[in-house]
Amino acid sequence: MPQSASDIAQSVLKRAKARVEQAEVIFEESESAGVSFQDDKLKTVSSSAVRGVGLRVIQKGRLGFSSTNDLDAIDLLISNALDSAAFGQEAKFAFPASAAGAVPVAQFDPQVPALTMERAADMTREGIDCIHASFPDAHCGGGVERDAGTSVVCNSAGLHQEESSTGFSMGIGGFLVRGESFLSVDEGSSSCRFDPDLMRHARKVADWIRMSQKEVHLGEETLPVLFTPRAYDFMLGTFGANTNGKTVQKGASLLAKRLGERILDSRVSLWDDPWVDYADGSMSVDGEGVPARRKALFEKGVLKTFLYDLQTAGMMGTQSTGNGMRGCSSMPRPGEANLRLEPGRMPMAEILRGMKRGLLVDAALGAGQSNVLAGAFSVNIELGFLVENGEVVGRVKDCMLAGNAFDAFNRIREISAETEWHGSLEAPFICFDALNAVGRAH
Amino acid sequence: MEDLIRKAVQGVAGAQYAEVRVHRGRGSHVTWSGKELEGIGESTSLGGCVRVLVNGAWGFTSFNDIADLPRYVAMARDQAQLIGGGTARLAPVAPHTGTYKTQPQEDPTQVSLAEKEALCRAYNEALRRGSDKIKTTSARYMDSAGSLFFANSDGTFIEQQMTFCGVALAAIVMEGSNVQTGRHSVGDLRGFQICRGLEAKCDDVVRQAVELLTAKPPEAGKYTIITDPQLTGVFVHEAFGHLSEADFIYEHDRLKEIMKLGRQFGGEELNIVDDASIPGLAGSYFFDSEGAPARKNYLLKEGKLVGRLHSRETAALMGEEPSGNARAISYGYSPIVRMSNTYMEERSVPFDQMLSEVKDGIYAKGFLGGQTDMEMFSFSSEQAYRIRDGKLAEPLRDVVLTGNVFYTLKHIDAIGNDRRMFGGLGGCGKGGQSPLRVADGGPHVRIRDVVVGGQ
């Protein structure tokens with residue numbers, strides 16, 4: 001009879017408590033399965049059954065940590081955690097005794113583990129057929145994946161928190177070569193819930209391909225740029241890095257002393273929201289048993305809060321915000337649950353219609369590979385289009401787009417009324433007033 | 001356990017081919033950052049995977065419970081059967097047996113955690129006292145060592161014992177709203193000695209960060225660029241390496257035409273190589289993740305396409321030889337075609353001469369990142385300088401270069417004589433598998449007509 005996740009976690013905790021002053025165990029197990037298509041064909045059906053255990057200890061006031069996925073090596077795990085604590089940081093918190101007050105969030109959909117791989121393959125195949133109906137020479141890839149798992153956090157103060165969750169993701173893409181020009185387009189989504197509608201992604205892939213039939217080359221110019229909801233996540237990464245309690249504690253945040261100040265355009269409200277039923281980053285408690293909660297990072301452009309885990313909060317003399325993020329193989333770190341950027345009022349189509357000359361950008365190459373803390377970016381437009389008098393005139397290639405995230409978010413022309421979810425991010429389309437583009441026609 | 005693995009791949013009913021990988025390992029890490037020791041300790045891991053080919057289609061399963069291996073073999077076979085047939089075949093690879101070990105000069109697993117901690121603390125202190133503009137620092141050490149067992153139904157049974165270690169240093173400086181970072185990283189299979197003696201590098205990292213505070217972003221435009229050996233490596237990796245991975249090409253007729261062996265991609269001086277068999281580099285191994293031996297593969301020779309990177313499957317379907325480049329980052333993943341140690345061979349032009357011939361351009365050094373969509377690529381430098389009248393002039397920051405593979409390789413107009421190879425704690429990402437240990441390198445290289453983003 002296999003042991004339950006809770007039994008395993010408690011048995012590790014019991015053995016640790018015999019040798020350690022204070023201990024916290026995180027145990028995770030999950031099973032996944034998926035289908036993967038390449039070059040229009042179903043190539044591989046995969047599955048996995050993985051587990052792991054992490055042990056954090058406080059010994060003589062110091063933190064120690066180790067992890068393993070060998071359940072026959074628990075004594076070594078405890079010794080390793082103790083060795084770690086001989087050097088570790090002074091603990092600035094106590095393990096919580098309970099997660100009282102946690103708000104329940106739906107994270108488990110029984111339809112997900114029930115999904116057969118035959119159905120998963122059929123869904124992907126229909127999507128590929130849909131793209132081929134318009135573009136028979138597109139080489140399509142994609143797939144569907146499901147997982148279901150249980151995570152237990154328990155500690156020597158008495159906390160025992162078990163959560164089961166499911167995950168479902170699907171993606172589809174098309175790849176075309178015209179002459180020596182490549183075009184690669186991918187769409188997809190993920191959440192805790194089964195979603196049968198892969199066709200909407202396939203239709204979107206076909207739309208992007210249709211829009212890319214003509215290529216245009218830019219010289220150098222400054223122009224308005226409308227980003228799709230997933231295309232400017234590298235800018236949100238700058239705000240995420242600067243509001244992370246760890247960056248603040250280290251003194252490296254540009255926003256460290258600016259709580260309460262207006263930092264971004266007053267139309268920008270950015271939330272960390274763990275309470276969205278079935279969203280990718282949702283949770284009722286964080287990775288160290290602290291109840292998760294909804295909070296604004298920026299409200300109407302004003303900086304409202306930083307994100308903390310227990311230790312970082314303790315060092316800063318404040319409270320954890322319930323943002324201790326971790327897997328079983330690492331210590332917690334402050335991190336976001338779901339990021340949600342509030343929508344504006346104008347429909348995306350209307351923003352586009354109002355654009356005299358500008359760019360529509362859906363994907364950037366090299367995003368996040370420049371000075372993220374400072375917000376500086378310089379990216380190649382991987383999938384983007386020139387817009388003239390409200391109409392897409394062609395795909396822009398071999399063109400760099402440069403700017404600064406803080407500046408861009410203070411020069412917003414319009415935020416769309418509609419939003420899209422991409423993983424743990426919900427965001428609208430945003431049109432920035434003026435960014436600098438330079439292409440080969442320079 | 002070895003017997004269990006050996007037996008698991010024999011006589012799998014209905015299967016054309018079966019393979020098992022099992023990894024047992026341990027790793028340690030130390031991170032000093034600012035005034036605190038952020039993390040320290042050792043962890044262990046054990047896991048495995050099975051891949052089975054049935055009627056030209058693959059089933060793959062990964063797991064931690066090794067005792068249940070026979071059940072996972074049956075699962076992978078059933079999954080492959082479910083596909084109902086495919087086109088996959090495998091090019092032959094002679095069976096190999098034996099144990100293969102990396103030879104670290106100083107074995108990191110024999111160095112105490114206390115010594116690793118003291119080393120990082122000393123580097124972190126050196127970084128912290130480097131300048132009064134320092135906001136925070138980090139000195140991070142990590143190592144991994146373990147046994148990777150591989151068995152397949154062709155009769156291969158090998159154990160590879162790999163030991164990797166390295167250090168990453170960083171300093172963040174701030175002046176008003178200007179925040180800049182200096183970085184340095186080493187990491188490969190040569191042993192713990194590479195982690196020692198980096199005090200001077202700490203000074204360089206701080207100097208680099210402080211200098212960036214005074215640097216200006218470039219004006220957008222097209223420039224003549226000189227890349228240093230490290231950035232040349234990233235350029236080679238992004239601009240050509242990924243395009244020579246055969247899994248991208250092997251089922252696409254138009255791409256097969258574009259990537260036809262013999263096609264001229266660059267000048268006669270241009271040689272690009274991928275070689276996993278060089279001892280001690282970050283991307284080195286004895287056998288890839290499907291048991292094919294590592295070897296030296298020329299990709300471009302005298303500017304002509306002469307080879308590409310293969311798995312056994314892509315080699316069979318293209319009628320070429322396996323190159324030993326099917327790699328998985330861990331037992332959790334199927335092998336896919338990847339680079340190992342990729343470089344541009346050196347030629348004869350000294351850096352000074354290369355520089356003196358540039359009237360107006362940019363010298364870009366070190367690497368921050370790189371990405372490709374196979375045709376277009378971008379790569380960003382850590383440091384850069386404007387070149388004016390053949391001399392290095394004012395420092396620049398946020399220099400990100402972009403290009404198009406078919407255009408840029410033809411615009412390389414000078415190749416230096418000073419090749420070096422670079423590993424580090426980072427790695428390459430592809431198909432959701434990241435980071436994969438790789439090394440890149442080359443000499444100084446001059447490229448005409450490169451687009452640089454900016455104001």
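Good morning. I begin with one residue of chain A. Leaving aside residues up to four places away in sequence, Ala120(A) touches Gly34(A), Val35(A), Leu115(A) and Val144(A). Please keep in mind throughout that this is a predicted model. Ala120(A) is found in helix α4 of chain A. Is Ala120(A) buried or exposed? Ala120(A) counts as buried because 23 other C-beta atoms lie within 10 Å of its own, and the cut-off for a buried residue is 20 or more.

Helix α4 of chain A covers residues 117-134, and it packs with helix α5 of chain A, residues 199-211. The two axes are 8 Å apart, at an angle of about 25°. Because angles under 35 degrees count as roughly parallel, α4(A) is roughly parallel to α5(A). The crossing of these two helices, α4(A) and α5(A), is right-handed. Which residues of α4(A) meet α5(A)? From α4(A) they are Glu126(A), Gly127(A), Cys130(A), Ile131(A) and Ser134(A). On the side of α5(A), the partners are Met199(A), His201(A), Ala202(A), Arg203(A), Val205(A), Ala206(A) and Arg210(A). By class, the contact of α4(A) with α5(A) holds 6 nonpolar, 3 polar and 3 charged residues.

Helix α3 of chain B, residues 113-128, and helix α4 of chain B, residues 199-214, have axes that come within 9 Å and cross at roughly 35°. The crossing of α3(B) and α4(B) is right-handed. Tyr123(B), Ala126(B) and Leu127(B) of α3(B) make the contact with Glu199(B), Cys202(B), Val205(B) and Val206(B) of α4(B). How many residues in the contact of α3(B) with α4(B) are nonpolar, polar and charged? There are 6 nonpolar, no polar and 1 charged.

We remain in chain B for a helix with neighbours in both chains. Helix α2 of chain B, residues 69-83, has 15 residues. From its first C-alpha to its last, α2(B) reaches 22 Å, close to the 21 Å expected at 1.5 Å a residue. Its buried residues are Leu69(B), Tyr72(B), Val73(B), Met75(B), Ala76(B), Arg77(B), Gln79(B), Ala80(B) and Ile83(B). What do the buried residues of α2(B) pack against? In chain B they pack against α1 (2-8), β1 (17-33), β2 (36-54) and β3 (57-63), and in chain A against β2 (41-59). After α2(B) comes Gly84(B), whose phi is positive, near 75°.

This brings us to the two chains together. In total, 63 residues of chain B are in contact with 64 residues of chain A. On the chain B side, the largest share, 11 residues, comes from β2(B). The side of chain B that touches chain A has 22 nonpolar, 31 polar and 10 charged residues.

I turn now to some details of the backbone. Lys60(A) is not a glycine, yet its phi is positive, about 50°. Lys60(A) lies in the loop between β2 and β3 (62-68) of chain A. Lys60(A) counts as exposed because it has 11 C-beta neighbours inside 10 Å. Tyr278(A), also a residue other than glycine, has a positive phi near 70°. Its place is the loop between β9 (270-272) and β10 (295-299) of chain A. With 19 C-beta neighbours inside 10 Å, Tyr278(A) counts as partly exposed. In chain B, the peptide bond from Ser434(B) to Pro435(B) is cis, with omega near -5°. Pro435(B) is found in strand β24, residues 433-436, of chain B.

I finish with a glycine of chain A. Where does Gly344(A) lie? Gly344(A) is in the loop between β14 (339-341) and α9 (348-353) of chain A. Gly344(A) is buried, with 21 other C-beta atoms within 10 Å. Although Gly344(A) and Ile415(A) are 71 residues apart along the chain, their C-alpha atoms are separated by 4.7 Å. Not counting residues up to four places away in sequence, Gly344(A) touches Arg267(A), Glu414(A), Ile415(A), Ser416(A), Ala417(A) and Pro428(A). Thank you for your attention.

Technical notes. Residues are numbered from 1 along each chain as its sequence is written. Chains are lettered from A and ligands numbered from 1 in the order in which they are written. This is a predicted model: local features need pLDDT of at least 70, side-chain atom pairs count only at pLDDT 80 or more; totals for chains, interfaces and linings use all residues. Axes are lines fitted to C-alpha atoms, for helices over the stretch in contact, and angles run from 0 to 180 degrees between N-to-C directions. Helices (H or I, at least four residues) and strands (E, at least two) are DSSP runs, numbered from the N terminus. Angles under 35 degrees count as roughly parallel, over 145 as roughly antiparallel, 65 to 115 as roughly perpendicular and the rest as oblique. A crossing is left-handed if the near helix is turned anticlockwise from the far one by less than a right angle, and right-handed if clockwise. Two residues are in contact if their C-beta atoms, placed from the backbone, lie within 7 Å. Ala, Val, Leu, Ile, Met, Phe, Trp, Tyr, Cys and Pro count as nonpolar, Asp, Glu, Lys and Arg as charged, and the others, Gly among them, as polar. The expected span of a helix is 1.5 Å times one less than its number of residues. A residue is buried if 20 or more other C-beta atoms lie within 10 Å of its own, exposed if 12 or fewer, and partly exposed in between; C-beta atoms are placed from the backbone.
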